[in-house]
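Have the sequence and the 3D view ready.

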Amino acid sequence: MSRGIEKYLLFVGVAVALAPVLMLRDFTPANELRYLSIADEALAGHTFFAFTNHGVPYADKPPLYLWIVMLCRWLTGAHRMWLLALFSLFPAFGGNAHAVISGCVHRTAR
């Protein structure tokens, strides 16, 4: 089997293995609704670096996730949980890609 087909099949296998992560992700209403509310306040007030939750300063979450929520809201015009769930897959794909690349490097180095 050629290396290109082998890598493609590996990618498809990883995608199939990670599909349940996307489909069965458990959204916690208390947290998710808070982040959506904070993102809405930031978009309405044009404050992209100082976040508030109903007027109270909010610094419990790093801004990257809130920026992602704001970007998704700005792009789609509404909050789409499936779109936010995609960002749960990126670390999983990154970890798997690292494992695959490391495995390929070690295999070819022998």
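How many aromatic pairs does the count come to? By the ring rule, the count comes to 2 aromatic pairs. That rule pairs rings of Phe, Tyr and Trp (its six-membered ring) if their centres lie within 6.5 Å; planes under 30 degrees apart count as stacked, over 60 as edge-to-face and the rest as tilted.

| Pair | Centre to centre | Angle between planes | Type |
|---|---|---|---|
| Y35 and Y65 | 5.6 Å | 75 degrees | edge-to-face |
| F49 and W67 | 5.8 Å | 80 degrees | edge-to-face |

Before going on, a word on the ground rules. This is a predicted model, where local features need pLDDT of at least 70 and side-chain atom pairs count only at pLDDT 80 or more, while totals for chains, interfaces and linings use all residues. Residues are numbered from 1 along each chain as its sequence is written, and side-chain values use heavy atoms, with hydrogens and water left out.

Y35 sits in helix α2 (residues 29-45) and Y65 in helix α3 (residues 63-76), so the pair links distant parts of the chain, 30 residues apart. Helices here are DSSP runs (H or I, at least four residues), as are strands (E, at least two), numbered from the N terminus. Both tyrosines, Y35 and Y65, are buried, meaning under 20% relative accessible area, with exposed over 50% and partly exposed in between (1.4 Å probe, protein chains only). Y65 also has K61 over its face, 5.1 Å from the ring centre; for that, NZ of Lys or CZ of Arg must be within 6 Å of the ring centre and within 35 degrees of the ring normal.

What about the other pair? F49 lies in the loop between α2 and β1 (52-53) while W67 is in helix α3, so this pair ties together parts 18 residues apart in sequence. F49 counts as exposed because its relative accessibility is 72%, and W67, at 33%, counts as partly exposed.

Helix α3 keeps turning up. Its buried residues include Y65, L66, I68, V69, M70 and C72. Just after α3, G77 takes a positive phi of about 85 degrees.
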